[in-house]
Amino acid sequence: MSRSSGLHRARHIVVREVKQKLEFEETYLEIPCRGRIKSWCNEFLLMVDPNCSEALYVYDLFTKKGFGLPQCSLSCGGHYTSKCCISLCYDGILRLYKVIHVFMGPRIRCQILVLLSDVISIISNFSKWKRIEVPSNMGEGQYYWGDPVSVQGRYLHWDVHSSDYLVSMDSVQERFYETRLPGSNDERMRNQYSFVEMNGFLALLDKVSGNKANLWILKDFHKMKWEKLHSLNLSCHWYLSIYPHTDIPFPISSVVNKRHIIFKKPTRPKTVNGLLRYDLETNVVEGVPCTMSTGYNDRYVVHSVAPDLLW
């Protein structure tokens with residue numbers, strides 16, 4: 001998990017389970033580009049260059065080398081806007097990396113930049129952006145998707161504020177889908193949910209009543225098969241301590257054993273607060289060490305890793 005504070009600094013947070021408890025280790029990242037981290041796939045960070053809002057920068061955490069990418073042929077007005085989504089994915093079949101650029105204009109458009117596995121080789125190969133088709137009714141009327149949740153370095157998922165579906169993309173097939181949300185017609189979601197990557201799956205936290213939320217796992221992407229993993233009691237102390245005035249807590253990440261979920265505790269402008277961890281087995285919430293303080297404007301980018309490239 002990488003924490004990005006605007007344009008100025010970023011730190012790497014490693015979460016480990018030791019004797020059924022979580023340990024947090026943090027280090028500051030020394031990155032030549034001081035831009036905003038938008039995506040993290042395998043060993044590569046995808047960033048927006050602060051010197052040009054439409055320029056992108058890739059940084060290798062292993063080799064400590066980075067380089068700029070060709071500018072998009074389709075201008076979105078800058079990658080900092082809420083109408084622009086940028087993500088880095090990995091094609092495990094062709095052994096290629098892909099930069100996905102989705103832009104919400106008068107109609108939704110998408111471009112892909114293909115990079116070789118040795119990403120640095122793009123400098124000599126002059127890769128170019130290509131356009132792919134987006135169904136005309138995809139996310140119709142919802143022009144503020146925000147940054148996607150990446151799963152397995154391949155699948156991207158956007159919250160389009162629908163009670164019926166979320167928008168997904170298989171970056172290997174370069175195809176968009178409307179992924180049906182879990183539940184029956186008699187138990188439709190009320191657009192009071194959030195989702196997060198959990199051990200290689202998409203996890204969705206849905207509030208179904210005043211004191212209950214269900215945790216669902218998307219077990220099969222192409223069959224759109226969901227499985228209910230857990231029910232959370234929202235009337236207990238841990239929930240009130242996370243989000244006392246809103247309908248549903250916002251998760252940041254999870255731990256590989258699918259037991260713990262990491263939440264960012266809400267903060268007010270110009271204040272500092274911490275992260276919280278929730279244990280699904282014991283229903284206990286605890287704060288993380290005080291050195292892990294978070295600011296109001298902090299953003300978190302979660303590591304997405306391909307199954308055959310696990311660290």
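Asp-91 is buried, because its relative accessibility is 2%; here buried means under 20% relative accessible area, exposed over 50% and partly exposed in between, with a 1.4 Å probe and protein chains only. This is a predicted model, in which local features need pLDDT of at least 70 and side-chain atom pairs count only at pLDDT 80 or more, while totals for chains, interfaces and linings use all residues. Residues are numbered from 1 along each chain as its sequence is written, and side-chain values use heavy atoms, with hydrogens and water left out.

**Salt bridges**

What does Asp-91 form with Lys-98? The two form a salt bridge, with their closest N and O atoms 3.5 Å apart. The term stands for a side-chain nitrogen of Lys or Arg within 4 Å of a carboxyl oxygen of Asp or Glu. Lys-98 also counts as buried, because its relative accessibility is 3%. Lys-98 has a salt bridge to Glu-174 as well, where the closest N and O atoms are 2.9 Å apart. Lys-98 sits in strand β9 (residues 96-104) and Glu-174 in the loop between β14 and β15, so this pair ties together parts that are 76 residues apart in sequence. Strands (E, at least two residues) and helices (H or I, at least four) are DSSP runs, numbered from the N terminus.

A network of salt bridges links Asp-91, Lys-98, Lys-130 and Glu-174.

Asp-170 is buried, because its relative accessible area is 0%.

**Around Ser-168**

Strand β14 (residues 165-170) also holds Ser-168. Is Ser-168 buried or exposed? Ser-168 counts as buried, because its relative accessibility is 0%. Its side chain and that of His-157 are joined by a polar contact of 2.8 Å. A polar contact is a pair of N or O atoms within 3.5 Å; within protein, one must be able to donate a hydrogen and the other to accept it, and residues adjacent in sequence count only if both atoms are side-chain atoms. Leaving aside neighbours within four places in sequence, Ser-168 is in contact (heavy atoms within 4.5 Å) with residues including Leu-156, Trp-158, Tyr-177 and Phe-221.

How many residues of strand β5 (residues 44-48) are buried? Five of its five residues are buried, and the strand is described as mostly covered. Phe-44, Leu-46 and Val-48 point one way from β5, while Leu-45 and Met-47 point the other way. In a regular strand the side chains alternate between the two faces of the sheet.

Strand β4 (residues 36-41) runs antiparallel to β5, and five bridges join them; two strands pair if DSSP finds at least two bridges between them. Arg-36 has Val-48 as its bridge partner in β5. The two strands form a hairpin with two residues between them, and Asn-42 in the turn has a positive phi of about 55°. On β5 there is also an antiparallel pairing with strand β6 (residues 56-60), over five bridges. There, Phe-44 stands opposite Asp-60 in β6.

**Positive phi angles**

Most residues other than glycine have a negative phi, and most peptide bonds are trans. Met-224 counts as buried, because its relative accessibility is 18%.

**Cysteines**

How many disulfides does a search of the whole structure find? The search finds zero disulfides, the term being a pair of cysteine sulfur atoms within 2.5 Å. Cys-89 is in no disulfide, and its nearest cysteine sulfur, that of Cys-41, is 6.3 Å away. Cys-89 counts as buried, because its relative accessibility is 0%. Cys-85 counts as buried too, because its relative accessibility is 1%.
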